[in-house]
Amino acid sequence: ELGKRAPRWIRDNEVTMCMKCKEPFNALTRRRHHCRACGHVVCWKCSDYKAHLEYDGNKLNKVCKDCYHVIIGCTDSEEKKRKGILEIESAEVSGNSVICSFLQYMEKSKPWQKAWCVIPKQEALVLYMYGAPQDVKALATIPLLGYTVDDAPKSADLPHSFKLTQSKSVHSFAADNEELKQKWLKVIHLAVKGETPECQNE
């Protein structure tokens, strides 16, 4: 169907990095562009291709490298590199997850930041953290097995927060409300013991 019908455009605010080369966007050197064939948000380097698109009267349109190769019928000879653990796309795992939502996250003495957190079904003992729901690479992963859960927030913490600790590493999270916090805790309490949780997604 590529090029035959207009794609659904991924919104700019749903990604923090190029969906092809995974370079983070910034205001100066990495502006966001849309591939007119697949709708993905890509950087200028990855959108530097043009192809005739049927849905647009066969006009030449800016497309990403992957779509360019498909549309002109040339196969990429590079072996697909095996994906590293962080290179699992957020949309891929969010759609098949035990639980996923935005949580506030804090590590050591850094400030709180918003992260899209996902516990995928196929790896129900690992918490993936993304900058945004459509990012193609995780910022970090936390293997939950063996962590201790502290769900009583101190007065200095955000309300509805909880901590995961293991020897010297401490990860603090905060949900937007108590109901969401309890859903996450239900899953995490099982995962830290090595048990596979039931799906919490509504």
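Analyst: Let us begin with pairing: two strands pair if DSSP finds at least two bridges between them. Helices (H or I, at least four residues) and strands (E, at least two) are DSSP runs, numbered from the N terminus. Here strand E3 (residues 49–53) and strand E4 (residues 59–63) pair in the antiparallel sense over five bridges, with Tyr49 opposite Val63 in E4. Five residues lie between the strands of this hairpin, and Gly57 takes a positive phi near 60°.

User: What should I know about the origin and confidence of the model?

Analyst: This is a predicted model, in which local features need pLDDT of at least 70, side-chain atom pairs count only at pLDDT 80 or more, and totals for chains, interfaces and linings use all residues. Residues are numbered from 1 along each chain as its sequence is written, and side-chain values use heavy atoms, with hydrogens and water left out. The term pLDDT denotes the predictor's confidence in each residue, from 0 to 100. The protein has a mean pLDDT of 84, and 89% of its residues reach 70 or more. Confidence is lowest in helix H2 (residues 90–94), at a mean of 77, and highest in helix H3 (residues 178–191), at 94. Over residues 76–82 pLDDT stays under 50, and the model has three contacts (heavy atoms within 4.5 Å) beyond four places in sequence for this stretch.

User: How many helices and strands are there, and in which order do the strands of the open sheet stand?

Analyst: The protein has three helices and 11 strands. Seven strands form an open sheet in the order E8-E7-E6-E5-E11-E10-E9, with antiparallel pairing. Strand E8 (140–143) and strand E9 (148–150) each have a single partner strand, so one side of each is left without a neighbour in the sheet. Neighbouring strands of this sheet are turned by 35° against each other on average, direction ignored; axes are lines fitted to C-alpha atoms, for helices over the stretch in contact, and angles run from 0 to 180 degrees between N-to-C directions.

User: Which residues stand opposite each other within this sheet?

Analyst: Strand E5 (residues 97–107) runs antiparallel to strand E11 (residues 169–174), and four bridges join them; Tyr105 stands opposite Phe173 in E11. E6 and E7 pair in the antiparallel sense over three bridges, and a hairpin joins them through five residues. Cys117 faces Met129 in E7. E7 and E8 also pair in the antiparallel sense, over four bridges, with Tyr128 opposite Thr141 in E8.

User: Is strand E7 largely enclosed or open?

Analyst: In a regular strand the side chains alternate between the two faces of the sheet. From E7, Val126, Tyr128 and Tyr130 point one way and Leu127 and Met129 the other way, and all are buried. Buried means under 20% relative accessible area, exposed over 50%, and partly exposed in between (1.4 Å probe, protein chains only). Five of the five residues of E7 are buried, so E7 is largely enclosed by the rest of the structure. Of the 202 residues of the protein, 40% count as buried.

User: Where does H3 lie, and which of its residues are buried?

Analyst: H3 lies across E5, strand E6 (113–120), strand E7 (126–130), E9 and strand E10 (161–166), running at about 105° to E5. Its buried residues are Leu180, Lys181, Lys183, Trp184, Leu185, Val187, Ile188 and Ala191. The buried residues of H3 pack against E5, E6, E7, E9 and E10.
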